[in-house]
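Biologist: I would like to learn how to read cross-links and charge pairs in a model. Can we go through one together, feature by feature?

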Amino acid sequence: MALLFLLCALPFLAVVTGQPNFIPDEPWVNMYRQGFNFQCPHGEVIMAIRSYFSEKEGSDRLWTFECQPTPSTMGEPTECWWDDINRGGQEWYQLCSNNGLVAGVQSQYFPAVLDREWQFYCCRYSRRCPYSCTFTEDVPEHYKEEGDIVIENYGYFIRGASTTFSAVHRDRQWKYVVCRMTDFDCDFKNF
């Protein structure tokens, strides 16, 4: 009898627990319309991002992130900081200053504009410099869709993003800036 009850209740449990999250073992870091602060463990950077949009939940997204250790040849981060913040409802272009890599994200939801403000947590590795930087395709490809990106090429890192906000859709599309890092210290600053 208990087994029959469990089988009948299973579909309802799936609805109650929320939307699917396809980054294994990584729970959503926020609830709809709630702020969050996510930081990778020391010596790791963000390598995967997933979000799920809901119009009925304030045109907001659930977010999850996955981290990965940087190569041992890069050594330990020499400093970390919270970089510039954007305001809700505005376009934003942000590269981690001082050649940093994205190791965290914080965000606050603003119901007046049905949008979030964003800030990257950046870490610098000695005097390593970025090169071969490119933009990803739009994430998500279309407004209001599920968005995900996984940096599959080892040795490439997220350095920042460009994001546009649609007042019509009340949603954002992201293009992440992905770079390689030199294997040696370099003289360039603030790339």
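Biologist: Which cysteine does a disulfide join to Cys80?

Modeller: First, the general idea. A disulfide is a covalent bond between the sulfur atoms of two cysteines. Now the case here. This is a predicted model. In it, Cys80 is joined to Cys123, with an S to S distance of 2.0 Å.

Biologist: Where do Cys80 and Cys123 lie?

Modeller: Cys80 lies in strand β4 (residues 79–85) and Cys123 in strand β7 (residues 115–124), so the link ties together parts that are 43 residues apart in sequence.

Biologist: What is the handedness of the disulfide of Cys80 and Cys123?

Modeller: Read the torsion about the S-S bond. For this pair the torsion is about 110 degrees, so the disulfide is right-handed.

Biologist: Is Cys123 buried or exposed?

Modeller: Cys123 is buried, because its relative accessible area is 5%, and buried means under 20%. Cys80 has 29% relative accessibility and counts as partly exposed.

Biologist: How many disulfides does a search of the whole structure find?

Modeller: The search finds five. Count the bonded cysteines along the chain, and the pattern reads 1-2, 3-6, 4-5, 7-10, 8-9.

Biologist: What is the S to S distance between Cys129 and Cys186?

Modeller: The distance is 1.6 Å, and the two are joined by a disulfide. Cys129 is in the loop between β7 and β8 (130–135), while Cys186 is in the segment after β11 (171–181), so this bond ties together parts 57 residues apart in sequence. The link is right-handed, with 105 degrees about the S-S bond. Cys129 and Cys186 are both buried.

Biologist: Which strands hold Cys133 and Cys179?

Modeller: Cys133 lies in strand β8 and Cys179 in strand β11, so their bond ties together parts that are 46 residues apart in sequence. The disulfide has an S to S distance of 2.0 Å. Its torsion is about 115 degrees, so it is right-handed. Cys133, at 40% relative accessibility, counts as partly exposed. Cys179 counts as buried, at 0%.

Biologist: Let us turn to strand pairing. How many bridges join β8 to β11?

Modeller: Four, and the two strands run antiparallel.

Biologist: How many bridges join strand β10 to β11?

Modeller: There are 10 bridges between strand β10 (residues 156–166) and β11, again in an antiparallel arrangement. Here Ala161 stands opposite Tyr176 in β11. The hairpin of β10 and β11 has four residues between the strands, and in it Arg170 takes a positive phi near 55 degrees.

Biologist: Why is β11 largely enclosed by the rest of the structure?

Modeller: Count its buried residues. Nine of the 11 residues of β11 are buried, so the strand is largely enclosed.

Biologist: Now the charges. Which residue forms a salt bridge with Arg61?

Modeller: Side chains of opposite charge can pair when their charged atoms come close. In this model, Arg61 forms a salt bridge with Asp171, and the closest N and O atoms are 2.7 Å apart. Arg61 lies in strand β3 (residues 60–69) and Asp171 in strand β11, so the pair ties together parts that are 110 residues apart in sequence. Arg61 is buried, with a relative accessible area of 4%. Asp171 is buried too, at 4%.

Biologist: What is the distance between the closest N and O atoms of Asp185 and Arg128?

Modeller: They are 3.4 Å apart, and the two residues form a salt bridge. This pair links distant parts of the chain: Asp185 is in the segment after β11, Arg128 in the loop between β7 and β8, 57 residues apart. Asp185 is partly exposed, with a relative accessible area of 43%. Arg128 counts as buried, at 9%.

Biologist: Where do Lys175 and Asp138 lie?

Modeller: Their side chains meet in a salt bridge at 3.5 Å, N to O. Lys175 is in strand β11 and Asp138 in the loop between β8 and β9 (147–150), 37 residues apart. Lys175 is partly exposed, with a relative accessible area of 31%. Asp138 is partly exposed, at 30%.

Biologist: Which residues do salt bridges that share partners join into one network?

Modeller: Arg50, Glu146 and Asp148. The salt bridge count comes to 11.

Notes
Residues are numbered from 1 along each chain as its sequence is written. This is a predicted model: local features need pLDDT of at least 70, side-chain atom pairs count only at pLDDT 80 or more; totals for chains, interfaces and linings use all residues. Side-chain values use heavy atoms; hydrogens and water are left out. A disulfide is a pair of cysteine sulfur atoms within 2.5 Å. Buried means under 20% relative accessible area, exposed over 50%, partly exposed in between (1.4 Å probe, protein chains only). Two strands pair if DSSP finds at least two bridges between them. A salt bridge is a side-chain nitrogen of Lys or Arg within 4 Å of a carboxyl oxygen of Asp or Glu.
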